[in-house]
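Here is a short briefing to read alongside the sequence and the model.

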Amino acid sequence: EMKALQAKPGAPWVYSQFGTIDANSETIEPTSALSREIGDHGELLKAVMCHKARVFNWTIEQSFFDEVGLHDESYRYCGDWDCNVRILAASMPAFVPETTVFYRRHPGSITFKGPFQTYLREFRQIYTSQRPLLKRFDTNDRKEIIASQRLMIKSVINSWFIASMKRLHPLGILQSTALKIFYKLSPLRWVTD
């Protein structure tokens, strides 16, 4: 990553490809489909905001990190994603086309177990904070970003519903069902409400 930074003058940070492993450290994907180079700054920002690309394992100049700010510690689960969008919005990175890190996916992770209410609240807060970035995009791109973010929220709600059903948790079933109905009937722009 240091070599990639030196080869791209003006880039204050760099990220690399990543793979995925399971709970037993067995390789699921040697290189994730979400881990790729996108040479256009706007397209890369859009892809990350849409959860269609990820910028993992970055090396960053201290002065640039001071400028964009550290992780927001008020987020318990989604702070890294918020930070990724903020640094990407501020500057185009360099890229290392090699898998340098593996992301572990396992049944005990928050993605599978929750707490879904916290996860949902954090995504809504982050999406709200990202609204000013939508001005950088044309109407179609804005709609794509909002639709993708809405899909992520609906996915979290659906996971919450399934987990509540499995645990026979009546309040969770009721709350997640109400949210499922809300997002089914509400206009597309109502992502953060």
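Leaving aside neighbours within four places in sequence, which residues is A4 in contact with? They are V14, A94, F95 and V96. Please keep in mind that this is a predicted model.

- A4 has its place in helix 1, which covers residues 2–7.
- Is A4 buried or exposed? With a relative accessible area of 17%, A4 is buried, because buried means under 20%.
- One of the contacts of A4 is A94; these two residues are 90 residues apart in sequence, yet their C-alpha atoms are 6.2 Å apart in space.

**Helix 2 against helix 4**
- Two packed helices are described by the angle between their axes and the distance between the axes.
- For helix 2 (residues 41–49) and helix 4 (residues 79–90), that angle is about 165 degrees, and the axes lie 10 Å apart.
- Helix 2 is therefore roughly antiparallel to helix 4, since angles over 145 degrees count as such.
- The crossing in which helix 2 passes helix 4 is left-handed.
- On the helix 2 side, the contact is made by H41, L44, L45, V48 and M49; helix 4 brings W81, V85, L88 and A89.
- Sorted by class, this contact of helix 2 with helix 4 holds 8 nonpolar residues and 1 polar residue, with no charged residues.

**Helix 7**
- Helix 7 runs over residues 139–167, and its 29 residues should span 42 Å at 1.5 Å a residue. The C-alpha atoms at its ends are 42 Å apart, so the two values agree.
- Which residues of helix 7 are buried? They are D141, I145, I146, S148, Q149, R150, I153, V156, I157, W160, A163 and S164.
- An α-helix has 3.6 residues a turn, so residues three or four places apart point the same way.
- What do the buried residues of helix 7 pack against? Their partners are helix 2, helix 4, helix 6 (116–130) and helix 8 (170–185).

**L70, in a loop**
- L70 sits in the loop between helix 3 (62–68) and helix 4.
- The relative accessible area of L70 is 56%, so L70 is exposed, the cut-off being over 50%.
- Not counting residues up to four places away in sequence, L70 touches F65, C83 and R86.
- From L70 to L174 there are 104 residues in sequence and 37 Å in space, C-alpha to C-alpha.

Note on methods: Residues are numbered from 1 along each chain as its sequence is written. This is a predicted model: local features need pLDDT of at least 70, side-chain atom pairs count only at pLDDT 80 or more; totals for chains, interfaces and linings use all residues. Side-chain values use heavy atoms; hydrogens and water are left out. Axes are lines fitted to C-alpha atoms, for helices over the stretch in contact, and angles run from 0 to 180 degrees between N-to-C directions. Helices (H or I, at least four residues) and strands (E, at least two) are DSSP runs, numbered from the N terminus. Angles under 35 degrees count as roughly parallel, over 145 as roughly antiparallel, 65 to 115 as roughly perpendicular and the rest as oblique. A crossing is left-handed if the near helix is turned anticlockwise from the far one by less than a right angle, and right-handed if clockwise. Contact means heavy atoms within 4.5 Å. Ala, Val, Leu, Ile, Met, Phe, Trp, Tyr, Cys and Pro count as nonpolar, Asp, Glu, Lys and Arg as charged, and the others, Gly among them, as polar. Buried means under 20% relative accessible area, exposed over 50%, partly exposed in between (1.4 Å probe, protein chains only). The expected span of a helix is 1.5 Å times one less than its number of residues.
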